[in-house]
Amino acid sequence: MRRIGAHVSIAGGVSNAIYRQQDIGGNTGQIFVSSPRIWKVSPPSSEEASSFRMQRKKFDQAPYVVHSMYLVNLGTKNDDIFYKSLKALQEELNVAHMLGIEYFVFHPGAHTGGFEREEGLKRISQGLNELLVPKDTKLLLENTTGKGTTIGRTFEELAAIIEGSDKDFSSLGICFDTCHAFCGGFPIHTEKGLESTIDKLDEVIGIENLGVIHLNDSKHPFDSRKDEHEHIGMGYIGDEAFKRFLNDPLLTNIPLILETPVSQDLDHSWDISKVKSFIRNSDV
Ligand SMILES: [Zn+2]
Ligand SMILES: [Zn+2]
């Protein structure tokens with residue numbers, strides 16, 4: 001069975017995420033466990049956590065994903081930000097463990113504060129060394145558009161971070177965001193471009209180390225280095241490209257998480273239905 005869901009809110013208690021996912025027709029999901037734009041992580045009570053686990057089991061939403069807050073940056077020379085990031089990541093990982101969540105996605109960071117790219121890459125690897133990744137959770141580095149000094153546009157950079165750390169693919173992996181790849185210069189909108197991108201991913205990272213796909217269309221054109229998500233098929237990637245992507249035999253076992261916009265007349269249920277209609281020969 002294909003796993004398709006969306007990033008949903010935990011407002012009012014973390015188990016509400018499960019009901020929200022049920023409402024939109026998802027069978028996997030992603031949440032923030034803290035406000036994405038403030039440093040503080042407030043863990044759920046043990047009652048809330050066990051209710052989340054129970055409801056998730058009941059509705060068979062799996063696997064599940066925590067997305068880290070946006071503030072974290074392990075690629076910076078600034079010690080204050082680096083250590084704040086480490087602390088926040090560890091606290092969020094601990095919440096993922098409490099909730100029994102399988103994947104934890106974060107953006108590798110940006111080389112700021114006077115660091116060159118190579119120094120930024122090294123510091124991210126050092127940061128990974130400091131983190132205690134719970135046994136049942138995988139830490140996934142997400143590909144980025146490569147905007148500004150952002151690290152992680154290419155599979156080679158993601159691999160270099162992992163190889164530079166003392167961890168390996170038993171606790172680490174990657175998350176592939178279709179909008180980020182497209183705006184980062186990977187031509188996944190063409191048949192050839194999709195094939196070469198997937199081949200590269202497999203060669204450099206290994207398809208077995210791809211934990212999660214963020215399925216998003218893009219509000220901006222190919223190679224624009226911008227990052228604004230659009231409803232599936234309504235952006236520059238388009239319907240035909242998503243049909244090919246969703247039926248690529250190498251990707252059929254990877255959970256799909258939508259991070260598309262939510263408006264009054266077009267919410268995630270619309271995107272989920274559309275994705276399902278694009279998948280051939282499957283019991284979705
Ligand atoms: Zn994403
Ligand atoms: Zn994005």
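Author: Before the metal sites, one term: a donor is an N, O or S atom within 2.8 Å of the metal, and water is not among the atoms, so a site may look incomplete. The model is predicted.

Reader: Fine. Which protein donors does the zinc ion (ligand 2) have?

Author: The zinc ion (ligand 2) has H180 (NE2), D227 (OD), D227 (OD) and H229 (NE2) as protein donors, at 2.0 to 2.7 Å. Along the chain these donors are spaced H-x46-D-x1-H.

Reader: Why is the arrangement around the zinc ion (ligand 2) irregular?

Author: The angles subtended by its four donor atoms run from 52 to 138 degrees, which makes the arrangement irregular. To count as tetrahedral, four donors need all angles between 85 and 135 degrees. H180 sits in helix α6 (residues 178-183) and D227 in the loop between β10 (217-218) and β11 (229-230), so this pair ties together parts 47 residues apart in sequence.

Reader: What are the protein donors of the zinc ion (ligand 1)?

Author: They are E142 (OE), D177 (OD), H214 (ND1) and E259 (OE), lying 2.1 to 2.3 Å from the zinc ion (ligand 1). The sequence spacing of these donor residues is E-x34-D-x36-H-x44-E. The site is irregular, with angles of 87 to 175 degrees among the four donor atoms. H214 in strand β9 and E259 in the loop between β12 (256-258) and α9 (268-278) are 45 residues apart, and the pair links distant parts of the chain.

Reader: Relative accessibility of H214 and E259: what is it?

Author: H214 is at 0% and so counts as buried. E259 also counts as buried, at 17%, because the cut-off for buried is under 20%.

Reader: Changing topic. What span should helix α7 have?

Author: Helix α7 (residues 191-204) has 14 residues, and at 1.5 Å a residue they should span 20 Å. The C-alpha atoms at its ends are 20 Å apart, which agrees.

Reader: Which residues of α7 are buried?

Author: G193, L194, T197, I198 and L201 are the buried residues of α7. Viewed down the helix axis they fall within an arc of 130 degrees, so they line one face of α7. Their cover includes α5 (155-164), β8 (172-177), β9 (210-215) and α8 (239-246).

Reader: What does the face turned away carry?

Author: That face of α7 carries the exposed residues E191, K192, E195 and E203. Just after the helix, G206 has a positive phi of about 95 degrees.

Reader: Now the largest nonpolar core. Which members touch the most others?

Author: The core has 72 residues, and I31, L99, L139, L210, L215 and V275 touch the most other members. Helix α3 (residues 79-99) gives the largest share, eight residues.

Reader: What is V275 in contact with?

Author: Leaving aside neighbours within four places in sequence, V275 contacts I4, L215, I232, L246, L256 and L258. There is also a second, separate core of seven residues, among them V65, Y103, V212 and I257.

Technical notes:
Residues numbered from 1 in each chain as written. Chains lettered and ligands numbered in written order. Predicted model: local features only at pLDDT ≥ 70, side-chain atom pairs only at ≥ 80, totals over all residues. Heavy atoms only, no water. Helix = DSSP H or I, 4+ residues; strand = E, 2+ residues; numbered from the N terminus. Expected span 1.5 Å × (residues − 1). Buried < 20%, exposed > 50% of the residue type's maximum accessible area, 1.4 Å probe, protein only. Arc of directions from axis to C-beta. Contact = heavy atoms within 4.5 Å. Donors = N, O, S within 2.8 Å, 3.2 Å for Na, K, Ca; no water. Tetrahedral: all angles 85-135°; square planar, octahedral: opposite > 155°, others 65-115°. Core = buried A, V, L, I, M, F, W, Y, C linked by side-chain atoms within 4.5 Å.
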